[in-house]
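Hello,

Here is the structure I promised to pass on. Please open it beside this email; my notes follow.

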Amino acid sequence: MALYELSVGQKMVVDKIYSDAKTQRFLRNIGLMPGVSVRIVAKIGKNIIISVKNTRLAMDKTLAGEITVVG
């Protein structure tokens, strides 16, 4: 399931990230990588805000579609 498909408040674990190497490196540097729990904080239009460890991150639906999560 893609990250953007989650409901607000729902918590899952990152499975895979299908973006380019530069974006994957950026996400890894802020703690978003396979095996890490994420929670949807808010959805605003085509953007979402997620909570990863002690950080909140905003991203658009395109990037959130490149990240798959599992229960």
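Which pattern does the chain follow, read along the sequence? The pattern is β-α-β-β-β-α-β. That gives 2 helices and 5 strands. Both are DSSP runs numbered from the N terminus: helices are H or I with at least four residues, strands are E with at least two.

Some ground rules. This is a predicted model, where local features need pLDDT of at least 70, side-chain atom pairs count only at pLDDT 80 or more, and totals for chains, interfaces and linings use all residues. Residues are numbered from 1 along each chain as its sequence is written, and side-chain values use heavy atoms, with hydrogens and water left out.

**Overall form**

The C-alpha atoms fill a box of roughly 25 × 20 × 20 Å along the principal axes. The radius of gyration is 11 Å, which agrees with the value near 11 Å for a compact globule of 71 residues. That radius is taken over C-alpha atoms, and the globule rule is 2.2 Å times the number of residues to the power 0.38. Buried residues make up 35% of the chain. Buried means under 20% relative accessible area, exposed over 50%, and partly exposed in between (1.4 Å probe, protein chains only).

**The core**

The largest nonpolar core has 19 residues. Such a core is a set of buried Ala, Val, Leu, Ile, Met, Phe, Trp, Tyr and Cys residues joined through side-chain atoms within 4.5 Å. Leu3, Leu32, Ile50, Met59 and Ile67 have the most contacts inside it. The elements giving two or more residues to this core are β1 (11-17), β2 (37-44), β3 (47-52), β4 (55-60), α2 (61-65) and β5. In soluble globular proteins, nonpolar side chains tend to be buried together.

Contact means heavy atoms within 4.5 Å. Not counting residues up to four places away in sequence, Leu3 touches several residues, including Ile50, Met59, Ile67 and Val69.

**Two residues to look at**

Start with Val69, in strand β5 (residues 67-70). Val69 is buried, at a relative accessible area of 3%. Its C-alpha atom is 4.3 Å from that of Val14, 55 residues apart along the chain. Beyond neighbours within four places in sequence, the contacts of Val69 include Met1, Leu3, Val14 and Val38.

Next, Ser51, in strand β3. Is Ser51 buried or exposed? Ser51 is buried, because its relative accessible area is 15%. Leaving aside neighbours within four places in sequence, Ser51 contacts Ser37, Val38, Arg39, Val41 and Arg56.

Best wishes
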